[in-house]
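Welcome, and thanks for opening your viewer. Keep the selection tool handy, and let us walk through this model stop by stop.

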Protein chains: 2
Amino acid sequence: MPDCQLLNSILAGKVRRVTSATSSNTENVVKTLTAWAQKFESTLKDMLTAESAVPEVLDKAVRYSILDGGKRVRPFITTRMCELCGGTAEEAAPAAVAIECVHAFSLVHDDLPAMDDDDLRRGKPTCHKAYGEAMAIMAGDALLALAFEILAARIPQPATAAAAVAELAKGCGWAGMIGGQVADILSENQPPDLALVNKIHRYKTARLIECAARLGAICAGANQTLTQAAADYGQQLGLAFQIADDILDLTGDEQQVGKAVAKDANAGKQTYPAAVGIDESQAAAHQAAKKAIEALEPFGTDADDLKQLARFVVERNK
Amino acid sequence: MPDCQLLNSILAGKVRRVTSATSSNTENVVKTLTAWAQKFESTLKDMLTAESAVPEVLDKAVRYSILDGGKRVRPFITTRMCELCGGTAEEAAPAAVAIECVHAFSLVHDDLPAMDDDDLRRGKPTCHKAYGEAMAIMAGDALLALAFEILAARIPQPATAAAAVAELAKGCGWAGMIGGQVADILSENQPPDLALVNKIHRYKTARLIECAARLGAICAGANQTLTQAAADYGQQLGLAFQIADDILDLTGDEQQVGKAVAKDANAGKQTYPAAVGIDESQAAAHQAAKKAIEALEPFGTDADDLKQLARFVVERNK
């Protein structure tokens with residue numbers, strides 16, 4: 001299965017210890033990965049069709065914020081989950097692009113001076129550093145609206161479109177990701193609290209990854225059991241991902257990570273290492289990855305690539 | 001028709017010259033207006049159902065930004081247009097609430113320091129003045145997401161829900177309202193230019209009012225002719241409204257208008273009076289109102305209240 005090779009290539013290229021045998025396999029599959037990533041990039045570009053009314057600078061700021069960067073983990077999950085539930089990559093494409101639009105929107109707004117005040121994202125200046133604060137606010141807004149336009153206008157079955165919009169809006173909204181962002185900001189400089197950090201990670205990060213997985217199931221018209229399996233996978237993967245991110249913030253290399261490090265710790269953010277230390281955080285990340293893998297049980301070996309992704313998120317060094 | 005009385009009451013209460021006969025009628029119909037407005041307020045509150053994950057302060061900031069204020073012109077148009085096209089107020093309710101959510105989102109973000117930097121809105125401190133900048137950014141984001149959640153989750157027919165989401169997302173997005181906001185900010189301190197100000201008003205203001213009207217038609221399952229009539233009405237009404245707003249910015253009383261005046265002029269904004277002077281601006285506003293009224297021709301006398309609304313927007317003093 002090409003998608004398996006794809007994920008193997010990500011894993012082989014990025015985990016810390018790579019055997020020479022895997023390394024020899026890597027070169028081939030990195031080509032597969034590059035090909036797939038380019039294909040998604042072209043899907044993304046196709047769906048970012050601009051109309052003439054858009055001032056050119058807004059068009060540029062939006063494209064700057066979403067194209068040519070990012071791991072594309074969320075759209076990959078949407079696509080693969082749709083396939084695992086009996087759908088096709090084409091059926092998942094609008095939802096894959098929409099989830100990446102929402103992710104990009106959240107990064108642009110999260111980086112703003114009034115929020116996390118970050119200068120660097122994916123190794124380049126953040127949107128407001130490149131285009132100014134007003135443009136970054138509006139580029140984020142535009143990306144959020146665009147996500148829903150793409151779902152509603154490009155998913156051919158109205159019932160699927162409506163279900164996808166409801167899921168994404170709920171997942172990214174005030175009782176989802178945005179609620180988590182608020183909780184994150186409110187908890188700055190509070191004493192470390194494991195229950196609170198779990199809540200923040202669950203909403204701020206894991207909810208949108210859960211959403212990515214659920215959207216894949218929705219696009220395939222999956223039954224309740226498979227949809228729940230998808231949701232459980234996404235939620236646990238998201239938690240594993242964010243705990244690993246907390247650890248990288250303390251231990252990572254700025255150039256490799258592509259954004260400022262030790263930032264969360266210095267800003268008095270609620271993080272896993274602050275609450276329970278590095279060792280226990282690593283154990284918790286691996287535990288969440290394990291649960292994510294277990295959630296994929298109904299899909300059997302077809303889901304091996306998503307299992308490898310779960311291992312990857314806790315083993316990555318950037 | 002109660003809705004006619006309602007609009008008459010708005011008109012009677014707010015136009016500059018009120019005859020004593022109209023004035024005597026006013027007291028009765030203001031009661032009708034208050035009753036209707038309260039009914040919409042309760043619909044709005046019902047649909048702002050919060051889940052437990054929402055940090056309380058976000059819930060407060062969202063409610064602060066949308067409840068207890070505003071003329072509710074957009075949801076009124078959505079509701080009446082749905083009724084004129086053969087639908088019911090109940091069928092229009094999710095779209096009426098959604099359009100008001102998008103309007104409130106746009107005001108919250110537009111008022112931010114990096115944007116128009118306003119301290120006063122509807123006679124009270126703007127959201128960022130009351131809750132801080134980060135919370136205002138996220139409250140706006142939450143309102144935008146909520147609009148789509150409400151459309152997708154509360155319109156029972158999936159095809160109608162999907163069409164409404166596509167229309168609203170397009171109307172408020174980068175080729176609609178947000179595009180207009182960007183054009184507005186980019187054109188600050190440029191030489192006055194009538195073509196540019198028409199473009200800005202058309203996208204920044206009129207597009208969302210057109211959207212309100214179109215959503216009403218969509219919720220009623222209207223045919224192409226009626227949908228186009230609704231769109232034409234909304235577009236011309238929106239233009240009339242914004243030109244009148246430009247004039248009020250120069251001639252209005254701050255306490256009566258409920259926000260800072262002479263602000264646009266001082267900020268070097270593109271306005272109608274700056275481009276063509278006050279007299280010609282008033283003529284243009286009345287001309288747009290006339291076109292809006294003409295667009296309602298297919299609806300006959302049933303649309304008298306929306307015609308009165310078109311007169312109201314150019315005659316109001318706040």
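## Stop 1: two copies

In general, two copies of a chain are related by a rotation about an axis and a shift along it.

Some ground rules: this is a predicted model, in which local features need pLDDT of at least 70 and side-chain atom pairs count only at pLDDT 80 or more, while totals for chains, interfaces and linings use all residues. Residues are numbered from 1 along each chain as its sequence is written, and chains are lettered from A and ligands numbered from 1 in the order in which they are written.

## Stop 2: confidence

The mean for chain A is 86, and 83% of its residues reach 70 or more. Now select residues 1-30 of chain A, where pLDDT stays under 50. For the complex, the predictor gives an ipTM of 0.89 and a pTM of 0.89.

## Stop 3: where the chains meet

Show the contact between the chains, which takes 45 residues from chain A and 45 residues from chain B. Two residues are in contact if their C-beta atoms, placed from the backbone, lie within 7 Å. Which helix supplies the largest share of the side of chain A that touches chain B? H7(A) does, with 13 residues. That side of chain A divides into 36 nonpolar, four polar and five charged residues. Ala, Val, Leu, Ile, Met, Phe, Trp, Tyr, Cys and Pro count as nonpolar, Asp, Glu, Lys and Arg as charged, and the others, Gly among them, as polar. Because 100% of the interface residues of chain A are also interface residues in chain B, the copies meet through the same surface.

## Stop 4: a helix pair in chain B

Select helix H7 (residues 133-154) and helix H8 (residues 158-172) of chain B, whose axes come within 8 Å and cross at roughly 160 degrees. Axes are lines fitted to C-alpha atoms, for helices over the stretch in contact, and angles run from 0 to 180 degrees between N-to-C directions. H7(B) and H8(B) are therefore roughly antiparallel (an angle over 145 degrees). Their contact includes Phe148(B) of H7(B) and Leu168(B) of H8(B). By class, this contact has nine nonpolar, no polar and no charged residues.

Definitions and conventions: Helices (H or I, at least four residues) and strands (E, at least two) are DSSP runs, numbered from the N terminus. Angles under 35 degrees count as roughly parallel, over 145 as roughly antiparallel, 65 to 115 as roughly perpendicular and the rest as oblique. pLDDT is the predictor's confidence in each residue, from 0 to 100.
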